[in-house]
Amino acid sequence: MIDFAAARRMMVDGQVRTADVTDPRLIAAMLKVPRERFLPPATAALAYLDFDAPVTEQSGKGARYLLKPMLLAKLIQAAEVKERDAVLDVGCTTGYSSVVLAHLARSVVALEEDPSLSPRAEETVHALGVANVSVVTGPLVAGWPARAPYDVILLQGATEVEPRTLFAQLKEGGRLLCVNARDAAGKAVIYRRAGGDVSGWPIFDATAAILPGFTETPAFVF
């Protein structure tokens with residue numbers, strides 16, 4: 001029988017803290033949220049390993065994952081989520097990232113387009129008694145304009161294109177965090193809206209599976 005509470009502590013101490021994640025509110029959230037609850041029962045034992053944990057049965061293209069704990073923690077810390085912030089969590093899969101964010105923010109819109117995943121997210125969020133997460137279903141690339149603008153938008157995966165549709169859903173001073181997969185060596189990128197413009201810059205090396213709809217269209221070749 002796995003001691004998940006001990007595994008959670010080992011994840012935070014061995015993967016999160018060692019990656020220069022020092023935000024005490026974020027560390028407390030990751031120590032509290034039971035990551036194993038967001039995986040299929042057959043793979044719950046993988047919850048605290050240092051890799052992207054699969055939440056769908058298929059592998060390869062189209063498979064969906066929970067971001068590895070270290071990457072998720074570094075992205076959230078870089079987003080500087082505040083207690084009054086409204087957050088859009090894009091590609092929430094089964095809702096783990098959304099529940100972690102819910103411990104830091106005023107409200108979280110958990111967006112998922114896979115009709116087999118969003119009900120699982122809603123069920124787990126409800127079972128854990130998290131009241132400030134709203135699970136919604138729709139195309140990831142479209143965001144969720146009904147609740148915009150947001151202080152923070154977080155992509156739970158990589159993108160090969162600039163998420164311009166999501167830029168329009170940022171508040172002034174808002175931050176969007178994602179993994180840029182356009183180059184062979186991926187980079188985590190932070191975008192900020194200031195004075196009506198959105199600018200982005202890389203913050204650390206990172207790789208992740210590309211989210212549905214965020215693949216670059218191949219250029220036509222004569």
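## The sheet

Seven strands make up an open, mixed sheet, ordered 5-4-3-6-7-8-9. Strands here are DSSP E runs of at least two residues, helices are H or I runs of at least four, and both are numbered from the N terminus; two strands pair if DSSP finds at least two bridges between them. Strand 5 (133-137) and strand 9 (197-205) sit at the edges with a single partner strand each, so one side of each has no neighbour in the sheet. On average, neighbouring strands are turned by 15° against each other, direction ignored, with axes being lines fitted to C-alpha atoms.

This is a predicted model, where local features need pLDDT of at least 70, side-chain atom pairs count only at pLDDT 80 or more, and totals for chains, interfaces and linings use all residues. Residues are numbered from 1 along each chain as its sequence is written, and side-chain values use heavy atoms, leaving out hydrogens and water.

Strand 6 (residues 150-159) and strand 7 (residues 170-180) run parallel, joined by six bridges. Ala158 has Val179 in strand 7 as its bridge partner.

Helix 3 (residues 69-79) packs on the sheet, touching strands 6, 7, 8 (187-194) and 9; contact means heavy atoms within 4.5 Å. The direction of helix 3 makes about 160° with that of strand 7, on a scale from 0 to 180 degrees between N-to-C directions, with helix axes fitted over the stretch in contact. Helix 5 (residues 118-127) also packs on the sheet, touching strand 4 (107-112) and strand 5, and makes about 165° with strand 5.

## The whole chain

All told, the protein chain has six helices and nine strands. Its C-alpha trace spans about 55 × 45 × 35 Å along the principal axes.
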